[in-house]
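Work through the exercises below with the sequence and the structure side by side, and try each task before you read its solution.

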Amino acid sequence: MSKPEEMWQCQVTNCGYIYDPNRGDKKGKIPAGTRFEDLPEDWQCPCCGASKKMFRPLAGPGSVAEEQKQCAR
């Protein structure tokens with residue numbers, strides 16, 4: 001099992017779907033506990049079909065929240 005800090009959630013910018021590693025993706029046959037980084041490169045959002053590149057972390061480096069903090073400075 002991954003460390004909690006490695007299990008962050010990612011949200012796609014198209015439809016708002018959040019990939020939660022604690023739940024996995026039943027539709028895509030991704031088991032619970034699979035980190036976003038470990039998803040296959042051809043994995044797509046089960047709702048809108050967006051690629052992994054369209055997802056952003058909800059917190060931490062590269063997240064929308066982090067980018068907004070930097071812009072506010």
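**Exercise 1. Which residues do ring pairs link into a cluster?**

Solution. Before starting, note that this is a predicted model, in which local features need pLDDT of at least 70 and side-chain atom pairs count only at pLDDT 80 or more, while totals for chains, interfaces and linings use all residues. Residues are numbered from 1 along each chain as its sequence is written, and side-chain values use heavy atoms, with hydrogens and water left out.

Step 1. Rings of Phe, Tyr and Trp (its six-membered ring) pair if their centres lie within 6.5 Å, and planes under 30 degrees apart count as stacked, over 60 as edge-to-face and the rest as tilted. By this rule the count comes to six aromatic pairs.

Step 2. Tyr 19 and Phe 36 make a tilted pair, with 6.0 Å from centre to centre and 55° between the planes. Tyr 19 belongs to strand β2 (residues 18-19) and Phe 36 to the loop between β2 and β3 (55-57), so this pair ties together parts that are 17 residues apart in sequence. Here helices (H or I, at least four residues) and strands (E, at least two) are DSSP runs, numbered from the N terminus.

Step 3. Tyr 19 is buried, with a relative accessible area of 0%, and Phe 36 counts as buried at 8%; the term buried means under 20% relative accessible area, exposed over 50%, and partly exposed in between (1.4 Å probe, protein chains only).

Step 4. Tyr 19 also pairs with Trp 43, this time edge-to-face, at 5.5 Å centre to centre and 70° between the planes. That pair links distant parts of the chain, since Tyr 19 is in strand β2 and Trp 43 is in the loop between β2 and β3, 24 residues apart. Trp 43 is buried too, with a relative accessible area of 5%.

Step 5. The cluster linked by ring pairs therefore consists of Tyr 17, Tyr 19, Phe 36, Trp 43 and Phe 55.

**Exercise 2. Which residues make up the largest nonpolar core?**

Solution. Step 1. A nonpolar core is a set of buried Ala, Val, Leu, Ile, Met, Phe, Trp, Tyr and Cys residues joined through side-chain atoms within 4.5 Å. In soluble globular proteins, nonpolar side chains tend to be buried together.

Step 2. In this model the largest such core has 11 residues in all: Cys 10, Val 12, Tyr 17, Tyr 19, Ile 30, Phe 36, Leu 39, Trp 43, Cys 45, Ala 50 and Phe 55.

Step 3. Taking Cys 10 as an example, and leaving aside residues up to four places away in sequence, we find that Cys 10 touches Tyr 17, Ile 18, Tyr 19, Phe 36, Phe 55, Arg 56 and Pro 57, where contact means heavy atoms within 4.5 Å.

**Exercise 3. Is Lys 52 buried or exposed, and which residues does Lys 52 touch?**

Solution. Step 1. Lys 52 lies in the loop between β2 and β3, and with a relative accessible area of 11% Lys 52 is buried.

Step 2. Not counting residues up to four places away in sequence, Lys 52 touches Phe 36, Glu 37, Leu 39, Pro 40, Glu 41 and Trp 43. The C-alpha atoms of Lys 52 and Glu 41 are separated by 7.0 Å, although these residues are 11 residues apart along the chain.

Step 3. For contrast, consider Lys 29, which lies in the loop between β2 and β3 and counts as exposed at 73% relative accessibility. The phi of Lys 29 is near 60°, a positive value in a residue other than glycine.

**Exercise 4. What pattern does the chain follow, read along the sequence?**

Solution. Step 1. The chain has one helix and three strands, and their pattern along the sequence is β-β-β-α.

Step 2. Of the 73 residues of the chain, 30% count as buried.
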